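Open your viewer and get ready to pick out residues one group at a time. We will visit the inside of the fold and then go looking for charged pairs.

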Amino acid sequence: MDNHNFQLTLRQTLFTDLETHYRFQLNEEANHLAAFTSSSSLDKEAYLEKYSKFLSEPSINNQTILIDGTIVGSIAKFLIGEDAEITYWIDRKFWGRGIATRALKDFLSLETIRPIYGRVAFDNLGSQKVLENCGFVKIGADRGFANARQAEIEEFIYRLDG
């Protein structure tokens with residue numbers, strides 16, 4: 001699968017998608033790069049309970065990413081205070097194929113709130129590139145406890161205006 005020979009679709013996330021999303025976030029390498037994961041990410045019941053509530057939360061826009069009809073990830077907008085932030089997760093098997101960039105570009109045409117922010121671990125170069133390819137600009141850095149690493153690490157803050 002190269003960057004152009006697949007059909008990418010975004011659709012509202014369904015409760016039945018959550019089981020697949022749960023499996024994706026169990027990948028150790030993906031978890032390490034995401035860094036700021038939930039302390040209960042291994043607890044399937046807690047995961048399903050948490051994310052099923054998000055499906056009916058009007059301030060959250062949860063989309064499932066499909067390639068040729070197969071679920072390969074998720075993308076969402078949520079609010080922290082007054083700030084809109086994006087988050088996305090691509091199944092490890094599909095990294096390096098331009099899927100996250102295409103999904104984020106499509107998502108940003110649906111979710112037009114600006115400014116919108118993205119946060120990424122200092123060493124997650126792939127995700128930094130995705131944000132930059134979609135017009136996000138690095139505006140700062142912060143430090144926080146990264147549950148997946150059990151350590152405080154630096155994260156970069158990106159913003160997309162207009």
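Start in the largest nonpolar core of this predicted model. The core holds 27 residues. Select Ile-65, Ile-99, Leu-104 and Phe-136, which have the most contacts inside it.

Now colour the elements around them. At least two core residues come from each of these: strands S1 (8-12), S2 (61-67), S3 (70-80), S4 (83-90), S5 (116-121) and S7 (151-160), together with helices H4 (99-110) and H5 (125-133). Which element gives the most to this core? Click on H4: its contribution is six residues.

Next, zoom in on Phe-136 and show what surrounds this side chain. Beyond its neighbours within four places in sequence, Phe-136 is in contact with several residues, among them Ile-86, Leu-104, Leu-108, Ile-116 and Tyr-117.

Time for the charged side chains. Side chains of opposite charge can pair when their charged atoms come close. How many salt bridges are there in the whole structure? A search finds eleven.

Select Arg-119 and Glu-85 to see one of them: the N to O distance is 3.3 Å. Arg-119 belongs to strand S5 and Glu-85 to strand S4, and the two are 34 residues apart, so this pair links distant parts of the chain.

Asp-142 lies in strand S6 (residues 137-146) and Arg-119 in strand S5, so the pair ties together parts that are 23 residues apart in sequence. Asp-142 is partly exposed, at 35% relative accessibility.

For another pair, select Asp-161 and Arg-159, whose closest N and O atoms are 3.2 Å apart in a salt bridge. Asp-161 is partly exposed at 44% relative accessible area, and Arg-159 is partly exposed at 28%.

To finish, select Glu-85, Arg-119, Asp-142 and Glu-155 together: salt bridges that share partners join these four into one network.

Terms used. Residues are numbered from 1 along each chain as its sequence is written. This is a predicted model: local features need pLDDT of at least 70, side-chain atom pairs count only at pLDDT 80 or more; totals for chains, interfaces and linings use all residues. Side-chain values use heavy atoms; hydrogens and water are left out. A nonpolar core is a set of buried Ala, Val, Leu, Ile, Met, Phe, Trp, Tyr and Cys residues joined through side-chain atoms within 4.5 Å. Buried means under 20% relative accessible area, exposed over 50%, partly exposed in between (1.4 Å probe, protein chains only). Helices (H or I, at least four residues) and strands (E, at least two) are DSSP runs, numbered from the N terminus. Contact means heavy atoms within 4.5 Å. A salt bridge is a side-chain nitrogen of Lys or Arg within 4 Å of a carboxyl oxygen of Asp or Glu.
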